Each structure stands twice: as structure tokens, then as C-alpha cells.
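Please look over the sequence and the structure before reading on.

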Amino acid sequence: MPKFQFPEEFKWGCATAAYQIEGAWNEDGKGESIWDRFAHTPGKVKNGDNGDRACDHYHRIAEDVALMRELGLTSYRFSISWPRVQPNGRGEPNPKGIDFYRRLIDALLAAGIRPLPTLYHWDLPQALEDRGGWPNRDIAGRFTDYADIVVRSLGDRINRWIIFNEPMIFTSMGYYAGIHAPGRHDLDAFLRATHVVNLAQADAIRAMRATQSEAELGTAFSMSPCEPATDRESDAEAAERYHRFINSWFLETGLQGRYPDAFPEGPPLERMGVEDGDMKRLHEPLDFVGINLYFRTIVAEGDNPIGIHANAVGPAGGRQGPRTDYGWEVYPDALHAMVMRVHRATQLPIEITENGCSYLYERNPKGRIQDSRRIEFYQGYISALARAMQTGADVRGYHAWSLLDNFEWSEGYAQHFGLVHVDFESGKRTRKASADWYENLIASGTIDL
Ligand code: NOJ
């Protein structure tokens, strides 16, 4: 069987996010986030779950970094909780919040693991939501101040940063679909939020580079290759519009200083709250592209309230792959297709910032979690990635989502994405078979094609 050898300097990682693993939701001066508020509101999260304790990672840095070292990780993507650093989203930093991340980073560095922090993985300080949240333009300034504080506080240890996690998801699910915090159902608020996030991203890039000239900046985009549902020309065009909206809305803006052509009638600039000078202001290219990818998207032409005249219709009959226990289609070629497209369009270095699957497994009689479908999933996607690298894509790292079973947003603890199982009563961690598989992959640096 042909094999692919990953380059020596390729980073092998796992990814997590603050609200999903830390717990300690109100300790050491941390402020309330929109996810604290949302999950504490009855009916918002499955089974009434919340992240108050989650994996209790806040109190288990040593144990969790030891787990990472045993796996042989060379990169760890985690997020910094804004309300831990600035409890109300403005003003002086909370020293205990900064200290927690300093201790985590020092433990990672001592273990030979590159820390790759994300500045915003969805836990907005509630105080800023009370002032209008992401649709309010003022928040761009607040975010820039926060980004600058983080770089000033931790930039002696780190120079590669992820600014946002999945801007299309947190704006659409939070302000339009309402199934994520802050739970609003307002199309205009969503459209405005996308523009403000684009402004905030560019402002943050400028501020971070001014503070740290060697900063390398990226965002982790939710990406999914868009395929037309039929061979009709109209569906092919719809799939392109859909791609430009879900994959490029926060990337092409910075690179080109314009919104991608996703709307048949042009972007709704007025509804988005675009003002004179804004397009120049958001023109600030990233240094690398982070790709979070789970599945492909099949698209058909048709009315859509957003105005892009295209809809995701799910895999067409007869050609779908198997499903994870979350119902997501397993389709490894999605990763190959997306990486190649981003590579050709941007020529930028790429980091796979997330890829993984939710499968629920009981322990077998020997007490072992034999999650073979997860191993198959990773084998398929990582070899698809290898094929893209063989064809010339400049991919620097791969991060499995996730290190630990954790709080999966509106699904609570019902989805299990971890390589490591967590007993949420006792906090006990148990490696699954997939963890052993990943450890072997990292050790050999080769994958069957
Ligand atoms: C997307 C998000 O970034 C992460 O927080 C989430 O848990 C995984 N993907 C799985 O849905």
C-alpha cells in the first residue's frame, strides 16, 4: 500500500475550547459569558447541561498536559476566555485570568508542545452582549483592546495566534438561528454581526502586529466544500454562491478588501451597516488559513431568507457516506477538496485547526473504549489531507477535535468527540483506542494512502 510521509516539522495536535472544557465558570474573578447565561437558561441546551464544571480542565492542567505529552502531540490548540481576562469585556486585565493561561502555556512549552491559542471561541463577556453584542460596531474596539492585552501578556511565549473560531457559525447560530448563545433570531443582527466581526478581525490584526512585529495571524474558519445537487447550471452557480458565503465571507474580505460575490443582487451593504471607509478598514490579510472541517455540503438553487438564493440540501440519494452518531456525513474527500481550493485561491500556508467526529461508545467487558469508527474516520480524512499535500498544498499542522469528550454547545454532553473519554461525575480521563491509533500515527509520521 502506498504511504505518505509527513514532513519532519509538521505539527500534530488536538484542539479544545475554553467554555467546552475549563469549568470554573465563576472562579478567580472570571466574568459571566454569553454561554454561561445561555446554558443557565432552561430549555436552551439538551438535558439542561452547562459548562459550569465541564472537564474541570481549569484545575487539571498538569494531568491534561501529561496526557498530551503521552500522545506525542507537538501542538495544542486551545482558546482564551475573554471574560477570564476582562470580566466585563473592557478595562484592566484580571491578573488571575492571565496567570491561568501563563501556567498552561508554560506547562505546554516544558512538554515540547507548541501552544496555539484562539482569542475568541464564542464566549463573549455577557456585559458586551448587554450593549448589543456583535451587531454593535463598538465591539470591534473592545475586541481589539482585548487582543492587544493578550499579546502584551503572553507574547513573550507565543507568536502564532488564531483570532476567531468559526466566525460564520457564531454569528449565524447566535444571532439568526438562535440555537447558540446569545440565542437571538434576527436576520439583520446576523448580517451586521458578520460585518462587525470582519472589522474587528482587521483591527485586531493591525493592533497585534503593532505590538508584536513577528506575530503570525490566522482565523479558524468553518469550511465545507459545496457541491451542486444536480448537474443543472443553476445549481452549480448556487453552489458557488454558497461557497463564497459560508467559506469566504471572513477570508476574502481581509485578503481583497471586498465582500465575495455571494448575493445575486450584490451584498446587502446597508442592512450590514457598512459605512464609508469600512472596506478599506477591513482589508487586512491574514498570514495563514485555519480550516475546521467535518463534512461536505450539497447545494441547490432556491429561495433563502438571507438572499443568497441557494440552500444546503443534504447528501443526495444514493451517494452519501456513512454518518457519525451526530448525523454528520463521513466524506474524507471533503478535506482534500477544501484544502486544494483554499491553497489555489490564497497560496497561503494552511493549518487544519479542527477535524473529528462524534461517536458514542460504551466500555467493552475489559473496560476498554474500542472506538473503531473514529479510527476509520481519522484514517480516511488524514490520508485525504496527505493527498492534498502531495499535490502541493502547504499544510503546516493538523488538530484532531478533540482531545477530550466535552461540552458540545447546544448538544451539551450528548456528543463525544474526544480521543480521551471523560467521566463527567468524577472527572476521570480514559484513553480510547483512537488515542492509541493517533499516538502511533504521530510517532511514525506516515499514513497509508
Ligand atoms: C466546531 C467548533 O469550533 C467546536 O467548538 C465544536 O465543538 C466542534 N466543531 C464540533 O461541533
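The side chains of E411 and K46 form a salt bridge, with 3.0 Å from N to O. This pair ties together distant parts of the chain, as the two residues are 365 residues apart. E411 belongs to the loop between β12 (395-401) and β13 (420-422), while K46 belongs to the loop between α2 (34-39) and α3 (61-71). The model is a predicted one, and its salt bridges come to a count of 40.

The loop that holds K46 has another residue to look at. N47 is placed in the loop between α2 and α3. Its phi is near 60°, which is a positive value in a residue other than glycine.

The loop between β12 and β13 also contains S402. Where is the cis peptide bond that involves this residue? It joins W401 and S402, and omega there is about 15°. A cis peptide bond also joins A181 and P182, with omega at about 5°. P182 is found in the loop between α8 (167-175) and α9 (187-211).

The next topic is the ligand. Which pocket holds the ligand? The ligand sits in the largest pocket. It is surrounded by 13 residues, and the closest of them are Q20, N165, E354, E408 and W409. What kinds of residues make up this shell? Six are nonpolar, four are polar and three are charged.

For E354, E408 and W409, the table gives the distance from a polar side-chain atom to an oxygen atom of the ligand.

| Residue | Distance to a ligand oxygen atom |
|---|---|
| E354 | 2.7 Å |
| E408 | 2.6 Å |
| W409 | 2.8 Å |

How much of the ligand does the protein cover? On its own, the ligand has 300 Å² of accessible area, and the protein covers 95% of that area.

The ligand, in the largest pocket, has E354, E408 and W409 among its closest residues.

How values were computed: Residues are numbered from 1 along each chain as its sequence is written. This is a predicted model: local features need pLDDT of at least 70, side-chain atom pairs count only at pLDDT 80 or more; totals for chains, interfaces and linings use all residues. Side-chain values use heavy atoms; hydrogens and water are left out. A residue is near a molecule or strand if one of its heavy atoms lies within 4 Å of it. A polar contact is a pair of N or O atoms within 3.5 Å; within protein, one must be able to donate a hydrogen and the other to accept it, and residues adjacent in sequence count only if both atoms are side-chain atoms. Accessible areas come from the Shrake-Rupley method with a 1.4 Å probe; for residues, only the protein chains shown count as cover. On a 1 Å grid over the protein atoms alone, a cavity is a set of points where a 1.4 Å probe fits but cannot get out, and a pocket is an open set with protein on both sides within 12 Å along at least five of seven lines; lining residues have an atom within 4 Å of a point. A molecule sits in a cavity or pocket if more than half of its atoms lie within 2 Å of its grid points. Ala, Val, Leu, Ile, Met, Phe, Trp, Tyr, Cys and Pro count as nonpolar, Asp, Glu, Lys and Arg as charged, and the others, Gly among them, as polar. A salt bridge is a side-chain nitrogen of Lys or Arg within 4 Å of a carboxyl oxygen of Asp or Glu. Helices (H or I, at least four residues) and strands (E, at least two) are DSSP runs, numbered from the N terminus.
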